[in-house]
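The following exercises concern one protein structure.

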Amino acid sequence: MTTPQHPEDFLRFMRMRSATEDGIFWVDDTRLGVFEPEAARHVSATNWRRFVMHDRLIDMVRRRHSPEVRWSQVRSAWLTQLHTLATAEHHGSLIDRMERIIDERLGEDVDLVMLTQDVALRSMLPVALTGLTSGEAELVRRDLEMKLLRLISPDPGGTWHHLRFIVVQLRSGLVVRRVLRQRAHGKRRREPDLADPFVDMLPELGMDRALDVVTAVLTAIGGPPGTAAASLLYEFVRNPEWQHRLTEELSAVDPVEFRTAPTHAAPVTHRFVKEVLRLWSPPLLLVRRNHFPFDFGKTRLEPGDWYLLSPHLIHRDERVWKQPDVFDPDRFLPGAPHGPADRTCYVPFGWAPKKCVGANIGTVQLMGLCQLLCTRYRLTVDHPENLSMALRFAPVPEDFRGRLALR
Ligand code: HEM
């Protein structure tokens with residue numbers, strides 16, 4: 001059987017094969033699809049348990065030996081910092097930033113995918129890296145936007161575009177290096193962002209690995225949050241009865257309570273966000289290199305092989321979800337018969353120990369966007385009856401144009 005090349009056909013083909021081959025099969029000569037929930041959990045847990053950041057290439061070129069740094073140290077630095085940012089004040093600032101960015105575009109006829117991307121990225125950027133000059137922030141934002149466009153656009157651009165992309169990427173990397181160096185030397189203020197813990201770790205990490213770590217966070221906020229926000233708008237438009245339920249809840253919610261603990265204060269909105277993330281999990285596929293032998297009975301995965309994981313395919317698997325293609329946030333009500341059978345079936349943020357560190361703040365951002373849509377803005381979409389979703393690196397609504405006005 002030939003594997004289709006087009007991302008959309010590729011996913012449809014994988015979904016079909018996954019259903020007939022129990023979620024584990026060779027997608028082509030080099031990659032094993034691991035789409036069975038428990039196997040995906042196990043392979044991820046085993047591969048990443050003791051993952052260490054090396055600097056081998058740079059060490060070789062520079063004839064030096066950098067100390068090993070465990071990835072779990074990096075993650076725990078991020079999680080500690082995110083914990084300090086999980087307050088009503090910081091959540092409020094995130095929502096206020098989204099509001100300011102949308103307000104700048106009120107009344108304009110816009111591509112709603114690009115707008116939500118811009119809103120998600122620019123409002124989240126200060127969480128990852130703040131205290132930048134406007135020029136520095138613009139460079140970092142442009143770098144992330146170009147990275148995303150290469151992934152979601154049907155036309156990735158020619159050689160000229162590629163060269164510009166490399167230049168912007170290098171200049172954005174120089175900004176990150178400068179910020180870290182200046183913070184370390186006291187020439188720039190320390191900030192409560194996700195880059196800051198690595199200023200103290202610079203002696204053991206070195207600048208190259210510190211840049212990799214900060215780039216990992218920046219790339220993480222440049223992709224999934226924006227595409228998830230576009231999918232949220234898409235389901236919002238397609239489901240007027242849910243717009244109504246959300247508006248009822250969010251108009252009545254206590255603002256301080258919502259900013260302190262939104263999932264508790266607005267459970268209907270939380271279910272809506274969870275269901276958007278179930279149906280339209282970005283990224284659609286994760287490609288990983290395997291380091292341990294696994295025996296799946298009918299086939300084996302050997303060290304050095306590549307494997308694919310996909311929250312999307314697990315969320316659309318009829319063996320683990322009832323009517324998986326139906327949008328119904330109430331499946332997340334406790335005890336719902338069409339809800340997740342267990343924790344391995346719902347993985348929009350991936351798998352431990354590589355699971356998304358931004359899961360909580362990402363959820364707050366999406367819930368905050370719901371609040372703005374229900375209480376501050378009126379969204380009008382061109383031809384809502386023709387809306388459809390394209391499957392690229394992530395799900396992307398097609399021809400999604402419209403405008404936002406104040407209520
Ligand atoms: C709705 C929004 C988001 C979604 C759907 C999402 C999804 C994901 C997924 C699927 C992974 C891969 C996990 C794996 O490999 O098993 C990931 C990793 C990651 N995400 Fe998110 N993410 C979101 C928002 C964020 C935000 C807001 C941040 C930062 C503030 C963030 C930071 C990260 C980081 C740093 C990683 C890499 C973790 C590691 O390598 O250990 N994400 N995310």
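**Exercise 1. Contacts along the chain**

What percentage of the contacts in the protein with a separation of 6 or more is accounted for by residues 24 or more positions apart?

*Solution.* The model is predicted, and local features need pLDDT of at least 70, side-chain atom pairs count only at pLDDT 80 or more, while totals for chains, interfaces and linings use all residues. Residues are numbered from 1 along each chain as its sequence is written, and side-chain values use heavy atoms, with hydrogens and water left out. A contact means heavy atoms within 4.5 Å. Of the contacts with a separation of 6 or more, 70% are between residues 24 or more positions apart.

**Exercise 2. Overall form**

Describe the secondary structure and dimensions of the protein.

*Solution.* Begin with the elements: the protein contains 17 helices and 13 strands. These are DSSP runs numbered from the N terminus, helices being H or I with at least four residues and strands being E with at least two. Next, take the box along the principal axes, which is roughly 65 × 60 × 45 Å for the C-alpha atoms. Finally, consider the radius of gyration, taken over C-alpha atoms, for which the globule rule is 2.2 Å times the number of residues to the power 0.38. A compact globule of 407 residues would have a value near 22 Å; the protein has 22 Å, so the two agree.

**Exercise 3. Burial and the nonpolar cores**

State what share of the residues is buried, and describe the cores.

*Solution.* Buried means under 20% relative accessible area, exposed means over 50%, and partly exposed lies in between (1.4 Å probe, protein chains only). By this rule, 52% of the 407 residues count as buried. A nonpolar core is a set of buried Ala, Val, Leu, Ile, Met, Phe, Trp, Tyr and Cys residues joined through side-chain atoms within 4.5 Å. The largest such core has 64 residues, and Met14, Leu232, Leu246, Phe272 and Phe400 have the most contacts inside it. Helix α11 (residues 224–238) gives the largest share of this core, with 8 residues. A second, separate core holds 43 residues, including Met124, Leu125, Met146 and Val175.

Leaving aside neighbours within four places in sequence, Phe400 is in contact with several residues, among them Val110, Leu112, Ala230, Leu233 and Val381.

**Exercise 4. Cis peptide bonds**

*Solution.* The bond from Pro282 to Pro283 is cis, with omega near -15°. Pro283 belongs to the loop between α15 (267–279) and β6 (286–289). Ala352 and Pro353 are likewise joined by a cis peptide bond, with omega about 0°. Pro353 belongs to the loop between α16 (311–315) and α17 (359–375).
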